[in-house]
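Here are my notes on the model you sent over.

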Protein chains: 2
Amino acid sequence: MRLLAFRDADTDRALGVSADGITFHAVTALAPDLPNQIEIVLGSNGALDRLAALLAAAGPGRPLSQITLLPFLGRANAFWALALNFKTHIAETGLTTSLDYPHLFLRTAASYVGSGEPIVAPPEQVARAFDYEGELGVVIGKPGRHIPVERALEHVAGYTIVNEGSVREYQMHNRQFGLGKNFEASGSYGPWMVTRDAFGDPTRHSIETRLNGIVRQRSGLDDLLVGVAQTVAYLSKGYRLRPGDMIAMGTPGALPPAENDTEGRDLSRQYGPFPTPGLVHMRPDDRVEIEVSGLGVLSNPLIADEPASYRIG
Amino acid sequence: MRLLAFRDADTDRALGVSADGITFHAVTALAPDLPNQIEIVLGSNGALDRLAALLAAAGPGRPLSQITLLPFLGRANAFWALALNFKTHIAETGLTTSLDYPHLFLRTAASYVGSGEPIVAPPEQVARAFDYEGELGVVIGKPGRHIPVERALEHVAGYTIVNEGSVREYQMHNRQFGLGKNFEASGSYGPWMVTRDAFGDPTRHSIETRLNGIVRQRSGLDDLLVGVAQTVAYLSKGYRLRPGDMIAMGTPGALPPAENDTEGRDLSRQYGPFPTPGLVHMRPDDRVEIEVSGLGVLSNPLIADEPASYRIG
């Protein structure tokens, strides 16, 4: 089952569920007693199973094409992300990372948009090395502390797709990534959460990132340095994992460019710290798509940010 | 004027204002049209000035001793913090930082409690190097992008005190601080926000951290590598600063221990990566106080976290 948030003519924000990714039902229509707050739905014991049963018994739904999808989490307590968690990405950057612990940092809610919404590219005078990062997103359901690795997946409600858009110049301004991972509307996640039982074992899936239709990243999800269960267990040593916390699991390296891929082979057009064949920065009017088998496609157009001039509000 | 959030017998959460730090009025009593959401009050043009005028004309208030202070921001979009921003702290760690850009990372709402609430020390088998970091907190009022340095302070609604409690072992697990700066209830801020006009120029103030009554940090706020205005301007290049965003400005180094300060001189009791004379870790049953001239005292007792055993919920 897919769990999503949407806006339509009648509501600014509501939750929906979909079995087929083509039609959906509003959660309040299936289960009027459930609140329209995803953190509460994710944290309520049995709520997702109940919704799946109601959905299976429901009549035809409304077409998803009639609504606007929103970032389904709203303002979660924590949007975690892992740096340098694919061996191919570690190799291409030449950076080091611990082999024992996940390499974790945080993003703000304001740094993400939903599927279909525009990702905002910084003005050129601010930054030019604006990169996609296709990632698997893990959504916490059951809260917990000191979760053993072997019980960790029980605390995962489901999975989504993340574009962990990164502004390389700012990311390298200092030793912590800071603002470089938190530009306004620089990333996205969605289009929905697929429940854990429907997705199955993450390591059996694969991820692919396309920029303007050209595949730029492709990897199995079995190449992670630190896996989903280990990361969940690690975080729970420090704080109470909360329903709706999200963890983006890191991005694979660039796919080597094809023979005729002029853009992908032209390192002179790269402004980042690690020029890499096959890497192409995101720019206004591009379209970036990230596909994870079993989850669907996260697709966003790119637009130019407003000029870098002072404005209040 | 002081702006605060409180809980009492009648309400789970409301806003208050205080002129003297001894008595207060509820915001809804002075201005019933203002919502009980601090981000809206901070972002409403003229709302703080209007509250100050209403407060000056109001009768005697209720004693602050009758209420429980809460973290006044709730769930802000961003809790930023600066690493290595005092020359004395840079010297004691031996770490490097950029001289051109602030060294920024994020904390979650769950990592902070309010003044008077207990800060939670990790179980010893999880971590022992749990350190206070007394800091000046900057609270954004007027939203904006690409804010020039010379206009930056106009976007500051006021200032508060932050204890940026840090778990050193976890902070050093990898190159990003990650979980080490985000343990559950490991830090605090408050007791309130003092408006910008009442606080004046931050560089003319000073900060002092006391653990169990012994002064452990003391510094002027003119020792910052990157100042308040520069940091506000920098962040606004990347995203729209929002009312209620907070920036903790970094912590000074340890004060050298007195001749008779056995604990402060005993490096064998330190578990962190940078043993430093005068540094003493926080432990259960301690009390940590941070005082900033013009802001007051942020005071928290320390309690032990529950044992490191698996629990759901």
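**Notes on the two-chain model**

1. Let's start with a strand pair: in chain A, strand 9 and strand 20 (residues 296-304) run parallel to each other and are joined over three bridges. Within this pair, I119(A) sits opposite L302(A) of strand 20 of chain A. Please keep in mind throughout that this is a predicted model.

2. Which sheet does that pair belong to? In chain A, five strands make an open sheet in the order 9-20-19-16-17, with mixed pairing. Its edges are strand 9 (119-121) and strand 17 (214-220) of chain A, each of which pairs on one side only. From one strand to the next, the twist averages 20°.

3. Stepping back to the whole chain, chain A contains eight helices and 21 strands. Its C-alpha trace spans about 55 × 45 × 45 Å along the principal axes. For 313 residues, a compact globule would have a radius of gyration near 20 Å, and the 19 Å of chain A agrees with that. Buried residues account for 52% of the 313 residues in chain A. If we take the contacts in chain A between residues at least 6 apart in sequence, 72% of them join residues at least 24 apart.

4. Helix 7 (residues 228-236) of chain A is worth a look: eight of its nine residues are buried, so the helix is mostly covered. Among the buried residues are V228(A), V232(A), Y234(A) and L235(A). What lies over the buried residues of this helix? The cover includes strand 6 (79-82), strand 11 (134-140), strand 12, strand 13 (156-163) and strand 18 (246-248) of chain A.

5. How do the two chains relate? Chain A superposes on chain B by a rotation of 180° with 0.0 Å of shift along the axis, at an RMSD of 0.0 Å. The two copies are therefore related as by a two-fold rotation axis. The same surface serves both copies, as 100% of the contact residues of chain A recur in chain B.

6. At the interface, 45 residues of chain A are in contact with 45 residues of chain B. On the side of chain A that touches chain B, the elements giving two or more residues are strand 7 (104-107), strand 12 (144-145) and strand 21 (311-312) of chain A. Strand 7 of chain A gives the largest share, three residues. By class, this side of chain A has 21 nonpolar, 15 polar and nine charged residues.

7. There is also strand pairing between the chains: strand 12 of chain A and strand 21 (residues 311-312) of chain B pair in the antiparallel sense over two bridges. Here R145(A) stands opposite R311(B) in strand 21 of chain B.

8. Finally, a residue in chain B: F72(B) lies in the loop between strand 5 (68-70) and strand 6 (79-82) of chain B. Is F72(B) buried or exposed? F72(B) counts as buried because 27 C-beta neighbours lie inside 10 Å. Leaving aside neighbours within four places in sequence, its contacts include L3(B), L4(B), I38(B), W192(B) and M193(B). By contrast, F72(B) and H89(B) are 17 residues apart in sequence and 28 Å apart in space, C-alpha to C-alpha.

How values were computed:
Residues are numbered from 1 along each chain as its sequence is written. Chains are lettered from A and ligands numbered from 1 in the order in which they are written. This is a predicted model: local features need pLDDT of at least 70, side-chain atom pairs count only at pLDDT 80 or more; totals for chains, interfaces and linings use all residues. Copies are superposed by least squares on the C-alpha atoms of residues with pLDDT of at least 70 in both. Two residues are in contact if their C-beta atoms, placed from the backbone, lie within 7 Å. Helices (H or I, at least four residues) and strands (E, at least two) are DSSP runs, numbered from the N terminus. The radius of gyration is taken over C-alpha atoms; the globule rule is 2.2 Å times the number of residues to the power 0.38. A residue is buried if 20 or more other C-beta atoms lie within 10 Å of its own, exposed if 12 or fewer, and partly exposed in between; C-beta atoms are placed from the backbone. Two strands pair if DSSP finds at least two bridges between them. Axes are lines fitted to C-alpha atoms, for helices over the stretch in contact, and angles run from 0 to 180 degrees between N-to-C directions. Ala, Val, Leu, Ile, Met, Phe, Trp, Tyr, Cys and Pro count as nonpolar, Asp, Glu, Lys and Arg as charged, and the others, Gly among them, as polar.
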